[in-house]
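Let's take a walk through this protein fold, one neighbourhood at a time. Have the viewer open and follow along.

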Amino acid sequence: MRIRPARTFIVEPNLPGPLEPLRKLSRNLYWTWNTDAAALFERIDRELWRATDHNPVRLLQLVTPERLHELAEDAGFLEHQRRVAEALEAYLRRPPILTVEGLDRGDVIAYFSLEFALAECLPNYSGGLGVLAGDHLKSASDLGLPLVGVGLFYHEGYFRQEISPDGWQQEVYLDLDTAALPMQHVLGADGKPLEVSIPFDGRDVWAQAWRIDVGKTPLYVLSTNIERNAPPDREITARLYGGDNETRIQQEMVLGIGGIRLLQALGVEPAVCHMNEGHSALLGVERIRAAMEQFGASFGEARLPVTGATVFTTHTAVAAGIDLFPPDLVRRYLAHTWQRLGLDDRAFLDLGRTRPGDDGEPFSMAVLGLNLSGYRNGVSKLHRGVSQRLWEAAWPNLPRDLVPIDAITNGVHLPTWVSHEMGELFDRYVGPGWRDDPERANWMGVYDIPDEELWRVHEGQRQQLVLRAKQQHTEDLLRRGLPAREIEGGRTLDAGALTIGFARRFAGYKRATLLLRDLDRLARIVGNTERPVQVLFSGKAHPRDDGAKALIREVVQASRSPEFRGRLLLLERYDVELGRLLVAGSDVWLNTPLRPLEASGTSGMKACANGVLHMSVLDGWWWEAYRPGTGWAIGRNRVDDDPEAQDAFDAESLYGLLEDEVIPLFYDRDAQGVPREWVRRMKDTIVTYAPRFSTSRMVSDYATRAYGPAAAAWHALRANGLERARELAAWLERVRAGWDAVKVYAVDDDGSEVRPAGAPVRVDVQLYPGPLQPADLKVDIVYGRTSAGRELHIEAEAPLSFVSQQEDRLCRYEGSFAPETGGRVGYAVRVTPYHPHLPPVICTGLAHWA
């Protein structure tokens, strides 16, 4: 028999007066990256700290009153508490490090994401997307950027992974108790928990708001698990990536529409909204609706400032990773929305299609995000090109090179991912500034660290990792009910062996089992008793991805073979805490995606910041980062149309690198037992990659290249009751109506077939403007290298000047360009709309080419 309580209460723990600072310290996630703060809570009760998944709020609820009174009289503990409390206060009071041109005083940037990885006790994340989002908030806090996060709270979180006796992943969901988590209700003006409504198909769904403090940055999360909702609606936000298409569109409505309404209820009108992937694309629709009501504007007028003030980041490299919804499902859930926009269903659905008017094309949230944003970017330089290929159909009048998608390469929050011991080394030799402003830190100081000291710290990290792996593996085997010989028999992990780490989301394209392609050869590699090698795998597969689960089972089954026992291991229950141990304690970080399907891949950045050498396919961030002598490139730049041939080539490269370079280098020791050349490469790795691939650099890039221009457009287009937006909307309507009548009639140049580099080429263009005026048009030359197949690779552009207009309205433009390099060079003439007040973040997509 189960008894439900008539009522529940939240009882705050009674802390002795001297320990009262712990209450505030526990509520701010500053402790997730300040290792001294984390050590303070661990000092209260080491076992309870681990048992609560490093949750200080729950720790204080469970620790005994006797222990608290003991600590209240412990001078050493109180001094430690004072130090941490003062550090937090100083951090919160610190003036901003970053100033951004375009952001006015009081402006707010709202960062929307379906998942955020902040701490292992808040399992509201599945993998890299969430980790990136969490690190983004932390670095925004470090830099003093006026940013707020907006997401969802999943009361069952993302699943806890367990491996069955036959090696198959099983998903276990746990109810999360908000009273035991570092989050708090957002209260309305009436002092009650704040709730916002979202119009669904004929009903309102309500979402309650919570606040999570991430240093200076607040994260607001919404949950529909409240009593005023019907039982099915309470389950909308139950699980991250749970349910079907209907659940997904419901979640995205709560995030995008509900998130904007929450900010409005808080009195926050963001100058910039940043969509971390297309899940939050409906925020653009809701902002347009609000502007239409506020200013009495049309959809076209309200769309301009919203589009100009929105940033969209895509993380996917394949079409299969995009949320697509059947038109009938969109009609069912969003009819109320487009009716309030003054649109019909066709016009609204076309906002999410690459082929407007094609009723057979599903509705894409990513395309909606692209269409309602002024700045768009991929997450590495290589991924920019991949994204341009993926989305070129959305801009049919632009060549792929000019599809308006930029690149801002991802980074990692160094204080979160650099180990405590390595961080102390950096404090002494680089200076404490590496934590908050790594780009300006003196990273050359790493070369002053004595080899012996750096190697001793790294060996300590490897020992911690091996100890944790042994302990967890034993616990997992006992839980599965496996016989004792599975635990006690054969070899065990070696704290001194070359340790290769592979930890990430399991998916087919990440090729986790590439290392297992030739088991006999791998057995010889790991079985060398004089130069032992061990491989630690970890990661989760999506609950509905049976192919990825089969890869996990393949790793587990290989690890049970006698030749791999104690040398190959899969650690289950991958989370932030285990990830920290792996990226710090491994010697080599392995990454084997099928190129070019890895958009960025941040785990290698975390490893490199700890001095771990990176060995990866030249994909994602490693394509632009790799430098010989730091890590290793698997397979070089080869891309084969046949995946089987690609696997064979890359596996051969991987085995060869291990046998011929990695293992000999690791075990080449001097009389003191230090691998001098390996340590030199560790130092090069830290100096080369840590400052460049940090979220401090990444967030600064977003601030200067995206947030500042977006905020400037927001203010300019909204001034005087949308005066400029109304003017531009009318101009755009006129230009679009007359655009098809614009024709280029003739293009002439000075005709020389061969010319020296740097010599100008004169170009003369005649065009008919149709009903438009010459002032409405901008004519440019785009030029660059031309392939043998006569394909132009655009590398630069030069404007042409208006010269005259004849009585028949034919216009003449002229100008020149000067190729600076030799070889075959070509040019083309491009005609685009022009208005002096059109912000550069607004792309009309209109172009004529000659």
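Helices H9 and H12 run roughly parallel to each other, a label given to angles under 35 degrees, while over 145 is roughly antiparallel, 65 to 115 roughly perpendicular and the rest oblique. H9 covers residues 245–265 and H12 residues 327–340, and the two pack at an angle of about 20° with their axes 10 Å apart. The axes are lines fitted to C-alpha atoms, for helices over the stretch in contact, and angles run from 0 to 180 degrees between N-to-C directions. Helices (H or I, at least four residues) and strands (E, at least two) are DSSP runs, numbered from the N terminus.

Before going on, a word on what you're looking at: this is a predicted model, where local features need pLDDT of at least 70 and side-chain atom pairs count only at pLDDT 80 or more, while totals for chains, interfaces and linings use all residues. Residues are numbered from 1 along each chain as its sequence is written, and side-chain values use heavy atoms, with hydrogens and water left out.

Back to that first pair. The crossing of H9 and H12 is left-handed, meaning that the near helix is turned anticlockwise from the far one by less than a right angle; clockwise would be right-handed. On the H9 side, Asn-245, Glu-246, Ile-249, Gln-250, Met-253, Ile-257 and Arg-261 meet Leu-329, Val-330, Arg-332, Tyr-333, Leu-334, Thr-337 and Arg-340 of H12, where contact means heavy atoms within 4.5 Å. Sorted by class, that contact has seven nonpolar, three polar and four charged residues. For the classes, Ala, Val, Leu, Ile, Met, Phe, Trp, Tyr, Cys and Pro count as nonpolar, Asp, Glu, Lys and Arg as charged, and the others, Gly among them, as polar.

How do helices H11 and H27 cross? The axes of H11 (residues 299–308) and H27 (residues 695–738) come within 8 Å and cross at roughly 150°. That makes H11 roughly antiparallel to H27, and the crossing is right-handed. Residues making the contact include Leu-304, Pro-305 and Val-306 of H11 and Trp-714, Leu-717 and Leu-728 of H27. By class, the contact of H11 with H27 has 12 nonpolar, two polar and three charged residues.

On to the strands. Is E9 mostly covered or open? Strand E9 (residues 272–276) is mostly covered, with five of its five residues buried; buried means under 20% relative accessible area, exposed over 50%, and partly exposed in between (1.4 Å probe, protein chains only). In a regular strand the side chains alternate between the two faces of the sheet. In E9, Val-272, His-274 and Asn-276 are on one side and Cys-273 and Met-275 on the other, all buried. E9 pairs in the parallel sense with strand E1 (residues 109–112) over four bridges, and four bridges also join E9 to strand E10 (residues 310–313), again parallel. Two strands pair if DSSP finds at least two bridges between them. Cys-273 is the bridge partner of Ala-110 and stands opposite Thr-310 in E10.

Most residues other than glycine have a negative phi, and most peptide bonds are trans. Glu-277 has a positive phi of about 80° although it is not a glycine, and Glu-277 is buried, with a relative accessible area of 9%. Asp-53 likewise has a positive phi, about 55°, but is partly exposed, with a relative accessible area of 34%. As for peptide bonds, the one from Arg-595 to Pro-596 is cis, with omega near 5°.

Finally, find the open sheet of four strands in the order E21-E22-E26-E25, with antiparallel pairing. Its edge strands are E21 (743–749) and E25 (801–805), each pairing on one side only.
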